[in-house]
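Take a moment to look it over, then read on for a short tour.

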Amino acid sequence: MNTRAVTAAELEDAPAMETKAADPTPRRPLANRIEAVVAGWMIVAGIFLGLWEWGGTTGRLNLLFFSHPSAIWGALVEGVRGTLITMDARYTLLAVLLGFTGAALAGIAVAFALSQMPYLRKVLNPFFTAFNSLPRVALAPLFVMWFGIGLFSHVMMAASLTFFVVFANTMAGIESVDQDHLLLARLQGATRWQTFKWFIVPSALPSIFIGLELGFIFGMLGTVSGEMIVGEHGFGVRLQRDAGVFNTKGYFATLFLLVVISAVLSAIFQIAKRRLIRWQTLHLVSRSEG
Amino acid sequence: MSGKSIELDRVEQYFDSPHAGEPRKQVLQPTNLKFEGEEFVALVGPSGCGKTTVLNMVAGLIRPTKGTVMLNGRAPRVGDTDVGYLLARDALLPWRTALGNVTLPLDIRGVPKAESEARARKILKEVGLGDFLDAYPSQLSHGMRQRVAVARTLVVEPHTLLMDEPFSALDAQTRLSLQQQFVELWERVRSTVIFVTHDLTEAILMADRVLVFSARPGRICAEFPIELERPRSLAELQGTDKFHDIFRKIWNVLRDEVHA
């Protein structure tokens, strides 16, 4: 990676030239300095949590509705010692992962298949749009009727949302393929399979990743909202129960854990994306190195 | 590699009008053309005169409305491995390195990896990109990207080369250096070249023969052999009286068509 950045900069008319020619002790803007950004995060979080804690402990905030950070932390620790992780987190994550994985694979496969069948695609398109514009939460009671109150109905809730997001983004990626690239493939006598794997798939990859990332968030939404309607275990069940008895600190503790899990998975997606489609992030990488 | 013959026999082309109900438009009047092997022919003329149409017919991308096109005695076919097509836009795949973009046509033909990489490396060195094999297109300048495209076209050693304003998107200096490099490569390999351009200077400097197309509907209104010795040094040639004489002669014909 290093050698690449240098060779590009050596070239007399290379675009990377300007960054290389910067003065030897550059003062980078704050936005480009990771330590400054992290410090900013701490300050914002500190002010927010500080005010909340202050308001809660001095009685300026109604504890029944708002609780306060230290109490929430206590509830979180207590929850972790109890069944929050072992039952609820496990249950929700299992449902999301099963639903997401199945639906994502299906969404990608169906998009690629339909891209090869323009007629079928035109026929199915309005049905897809209709189903996708349906507020999916409205399906939860139906899914309970069909699949029971167990894991499977929550898997299906995740899947019903993930599928369309992944499908739509994959389709958009396939359609965004450069017409010049397709002309080149034709002129070079590429077979259908070669055109697919060397021209279409790589071009669709960035868009597929966006679909997967959004699909996971939507899958989480589907499962949790399904659990809130009815279920045995899971974050949604816990939220519903805590809200019912005004256990505000418990409620916030669960919310906090949901945010942490989403953030960790989003970070994993980012890393995977950077590895798989390195050519897209290349400029960014060589700039931060140079 | 040596060039092959190309023959257009009473070829005519009409395109449907974009407005419904209007009659279709003629873009090319009946045209006869013959290209002998190892010949470098430039087609010049005003925009929309049908010169690119001729190129696309030879590539097999479009079928003439009337008449026949023969490439080595056979109808042209898209994806013919013996025909190279170079566009103004480089169409490099951003997810492949310079080397990967040049091996692409060889990969498509199923050439073993070791051999295809060796051939790609060699030709990239010849176009002056030996140090940029692993660079991605986004890291290369316009001129370098077009050099990769030239290498990608030549790596399969096509007997026929179709070029559609391949250097038009480059700045003057880069263009001259690429033209010179290309002429040198061609003088070694001698394939049949049909070169479409709107740049008369480029046409004279590079070609053996210049065909001037009329304004739409196009027809060939003049033909000029370019009797300049090879190997050519393009930068020097531009200053010679011989070049200026040819330029003036062709421009006298072309001017009327461009302003028609």
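What follows goes through confidence, then the two chains, one topic at a time.

## Ground rules and confidence

This is a predicted model, in which local features need a pLDDT of at least 70, side-chain atom pairs count only at pLDDT 80 or more, and totals for chains, interfaces and linings use all residues. Residues are numbered from 1 along each chain as its sequence is written, while chains are lettered from A and ligands numbered from 1 in the order in which they are written.

For the complex, the predictor gives an ipTM of 0.88 and a pTM of 0.80. Chain B has an average pLDDT of 90, and 98% of its residues score at least 70; pLDDT is the predictor's confidence in each residue, on a scale from 0 to 100. Within chain B, confidence is lowest in strand β2 (residues 25-35), with a mean of 87, and highest in helix α2 (residues 98-108), at 96. Helices (H or I, at least four residues) and strands (E, at least two) are DSSP runs, numbered from the N terminus.

## Chain A from a distance

Chain A has 14 helices and zero strands. Of its 290 residues, 32% count as buried. Here, a residue is buried if 20 or more other C-beta atoms lie within 10 Å of its own, exposed if 12 or fewer, and partly exposed in between, with C-beta atoms placed from the backbone.

How much of the contact count in chain A, at a separation of 6 or more, comes from residues 24 or more positions apart? The share is 75%. Two residues are in contact if their C-beta atoms, placed from the backbone, lie within 7 Å.

Start with helix α5 (residues 69-81) of chain A: its 13 residues reach 18 Å from the first C-alpha to the last, close to the 18 Å expected at 1.5 Å a residue. The expected span is 1.5 Å times one less than the number of residues in the helix. Ile72(A), Ala75(A) and Gly79(A) are buried in α5(A). They sit on the same side of α5(A) because they cover an arc of only 60 degrees around the axis; the arc is that of the directions from the helix axis to the C-beta atoms. Val77(A) and Arg81(A), on the other side of α5(A), are exposed. The buried residues of α5(A) pack against α6 (84-115) and α13 (248-276) of chain A.

Now look at helix α3 (residues 34-57) of chain A. Its 24 residues should span 34 Å at 1.5 Å a residue, and its end C-alpha atoms are 34 Å apart, which agrees. α3(A) is hardly covered, with a count of one buried residue among its 24. After α3(A) comes Gly59(A), whose phi is positive, near 80 degrees.

## A buried phenylalanine

Phe235(A) lies in helix α12 (residues 235-244) of chain A. Why does Phe235(A) count as buried? Because 26 other C-beta atoms lie within 10 Å. Leaving out residues up to four places away in sequence, Phe235(A) touches Asp88(A), Thr92(A), Val224(A), Glu227(A), Thr254(A) and Leu258(A).

## The two domains of chain B

Where they meet, 10 residues of domain 1 of chain B are in contact with 12 residues of domain 2 of chain B. On the domain 1 side, helix α5 (residues 172-189) of chain B gives the largest share, six residues. By class, that side has seven nonpolar, three polar and no charged residues. Ala, Val, Leu, Ile, Met, Phe, Trp, Tyr, Cys and Pro count as nonpolar, Asp, Glu, Lys and Arg as charged, and the others, Gly among them, as polar.

## Backbone details in chain B

A cis peptide bond joins Arg216(B) and Pro217(B), with omega about -5 degrees. Pro217(B) is in the loop between β8 (209-213) and β9 (220-225) of chain B. Another cis peptide bond joins Arg230(B) and Pro231(B), with omega about -5 degrees, and Pro231(B) lies in the loop between β9 and α7 (234-237) of chain B.

Asn72(B) is not a glycine, yet its phi is positive, about 55 degrees. Asn72(B) sits in the loop between β4 (66-71) and β5 (83-86) of chain B, and counts as partly exposed because it has 16 C-beta neighbours inside 10 Å.
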